Structures are given as C-alpha cells and as structure tokens.
Amino acid sequence: MRILKYDIEKVTGIPWKKKKSYRYLYRLACREDVIKKAFKSMRKGKTKRKDFQMAEENLDAWVKKIQEIILNTKPDGWQTDPQKRFKPVKHNPVIIKEFGKTRVVYVPTMVELWIQHVIVMILEPIIAGSSYPMSFSSFPGRGSLKGQRAIRRWIESGKGIRNFAQADIRHFYSHIQYKIVRKKLERRVKDNFFLHLIDVCMTYFPKEMPLGFYLSQWLANFMLQELDYDIKCKLKIAHHVRYMDNYTLADDNKKKLHQALLYIRQVLGKMRLRMKSDWQVFRFEYTKKNGKKTGRCVSAMGWLFYRSKVLIRKRILLHVERIARKLHKKEENGQRFPLGLCRGFVSLLGWITHSETYDWYLIHIKELVNVRKIKRIISKMTREVNRHAGMEKGTLQRTA
C-alpha cells in the first residue's frame, strides 16, 4: 500500500487514485473530519487572531456550522435554506508595497478562508498530482530552493545550457479570468455541486485572482499546467522551469528558444494574458579559448546562477543586512528582541546557507549579530508563548 501523502488521504485513510476526471468531491467537502483537518491547516500562523481563538474554543460547534453552510450551498433549483447558504463578503482592497512593487491584497473572513481550505484539501491531489515537476512556488515542498537545485543540476551536467530564455507574465493574478479557469476545471472535475462551491468563493472576482485568497494560487497554477507540458513535450526544449508566472528555458539551439517564446505568447493570448515586453534570449556565461569571459549569468527565483557558483540577488542581501542592523541597534539600546523579527532573520539566513555568499556574511552580518544567541532567544520565547497559550487554554476549559 502506498504511503499516504496528501491531507485528504490522511483523513479518509484511502490512497488517492489518479484519474482523467473526478466525481463525488462534494461529499468529501461535507465530511466533518475533512472540515476539522482544514481548520488545523488554516490556523497555522494565525493563532493570535480573535476569531480563530473563538472558533478553537468551540471547535465542534463551528465544524457543524461550516458543514451546514456547505450543505446549503447548491445551485439554483435545489431545496436549501437561504439563510444558511454561503454568502461571501465584498472586500475592500489593502495596498501593500514591498520590494518596489505595489500589490492589491484582499483579506478573506474566517469562514471564507475555512471553506477555501476545504476546497484546496480536495483539489490538492488533482492539481499538484498532475502538475509539471519543474513548476515551483505555491506548492507544498516546492520552493525556490528546490528550483535552484534543479538549475544547478542542469549546469553541472553541461548539456543543453548554451543559451537561456526568460519571460514573465504581465500582472498575472489581476488578469486571470475565472471563466477560463472554470472551463479547464470542468474537464477534470465532474461534480456540479463542488464547482458551484468554487464559483461562490469567486463571486466578486470574475476577471482576477484575488491575492490573499488561499484558493487563488492553486487555480493560477492549474491554469498554466497544460502550457508547461507543451513547452517540454511539443517544443522539445532541453530544460524548462516555471516559478509561478516566471519562465526560465534553456537549450543549445537559440532558434528553438525564440520559437518557444512565440508559442508561449500565443497561448497566453488565448487565455487573455500577456507576456511582459522585457523577455530575453541570451548566451550563458562561459570562458573562451583566449581566457576572455563572455555571456552572462541567469537570474531566476532570487538566485544568480554562474557555471561555478550560485549567488543571491542584491535586494535580498540588502534585506538581510537591514534586519541585522535593526537587531544590532536593539541590542545596543538594551531593548528586547521581537520574536517575529528574530524568526524572519533566521529564515532569511537560509538563502546564505545554500549559496556561495559566506564571505559577504562574515563582513556584513557576523559583526552585527550573534546568530547562536538569536536562535536561543527564539527557542526561549517560543517556549514562553506556548506555556502562556497552554495556561490560557486550561483556564478557559476550567471556567467552561
């Protein structure tokens, strides 16, 4: 028997079987154990929100409430209770500026997020199971580090890496039309009730995938799956990686790369999407017989790839140094280190660990921050937070 991999398999105890189409998904969405498991995955990193704390205190009642909402969310013509039907709220956008980019984010309510997690739990084996192996971002276990390792393997092999092509989709999330994604979903999901549940979640977003919605990243990845396989199988490109809406292609034949970019542009046009005008095809850096270096490195997923090393983009290094200076300043003033800032700093150090930037770390970071001390602080503060949370939970149970 195959080892259980997906959350839905762990809940039902039945291994997921790959099929051309799937039915009876709505039944899974109505199960109490599926709804409870969706809550546990949803609450990660959100334990301080009051609505999540309230739901956790009376979890069984909330699970039944979500179950009633899903059971009463059916297409017109079916007998349901209109008051218990799932009714999404119209959200006001929140504008966030980071890394020089302005993003419009929508924050879903707890009920909306809960139902989206239920949907994604069921869609995960369908979307992730059929996805192109070299597509990264927004999938569990498929971050930029895994993509970095893939490109490193290409370079080490030395085959099919003479030329690289890079392209990006213009305003990807804000230009995805839901009706196009819906048509692609209908080919795989033969369950009108389950599809209607997704329709209700996307009621106010017919012409965009809202950033902040858990469902958006999965549907966006699903939309580009067919194009991924076309690039690899039809166009016969030697190497191909997609990091959400960024394409990195490699091949010895430069003409094939130009044809591939033309094909991508045409397919994106059919999906009402546009490729950015800054696409490029270039020769990968190499050394001539006379010793002169030519070509240039590949910049993808936050990494800079050379033939003999991998570095990090300048803006990420500046971000790490900025946080290190903040921690150093707090230590000089005798102030308490914030737990979130410490965790963010240690997380960003992973970029340095998996690249050849140790010399930079010795000059810019080691003199400012003692990493071992920061890790001890995180461990101590985490224990304190968990202890207080346990005491509060015990007090609430005794009072109840």
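The structure is a predicted model, in which local features need pLDDT of at least 70 and side-chain atom pairs count only at pLDDT 80 or more, whereas totals for chains, interfaces and linings use all residues. Residues are numbered from 1 along each chain as its sequence is written, and side-chain values use heavy atoms, with hydrogens and water left out.

The side chain of Arg 31 forms a salt bridge with that of Asp 33 at 2.7 Å, N to O; the criterion is a side-chain nitrogen of Lys or Arg within 4 Å of a carboxyl oxygen of Asp or Glu. Asp 33 is likewise partly exposed, at 31%. In total, 15 salt bridges are found in the whole structure. Among them, Asp 199 pairs with Arg 182 at 2.6 Å, N to O. Because Asp 199 lies in helix H10 (residues 192–201) and Arg 182 in helix H9 (residues 178–188), this pair ties together parts 17 residues apart in sequence. Helices are DSSP runs (H or I, at least four residues), numbered from the N terminus. Arg 182 is buried, with a relative accessible area of 19%, and shared partners join Arg 182, Glu 186 and Asp 199 into one network of salt bridges.

By contrast, the search for disulfides (cysteine sulfur atoms within 2.5 Å) returned 0 in the whole structure. The sulfur of Cys 30 is 13 Å from the closest cysteine sulfur, that of Cys 201, which is too far for a bond.

How values were computed:
Buried means under 20% relative accessible area, exposed over 50%, partly exposed in between (1.4 Å probe, protein chains only). Helices (H or I, at least four residues) and strands (E, at least two) are DSSP runs, numbered from the N terminus.
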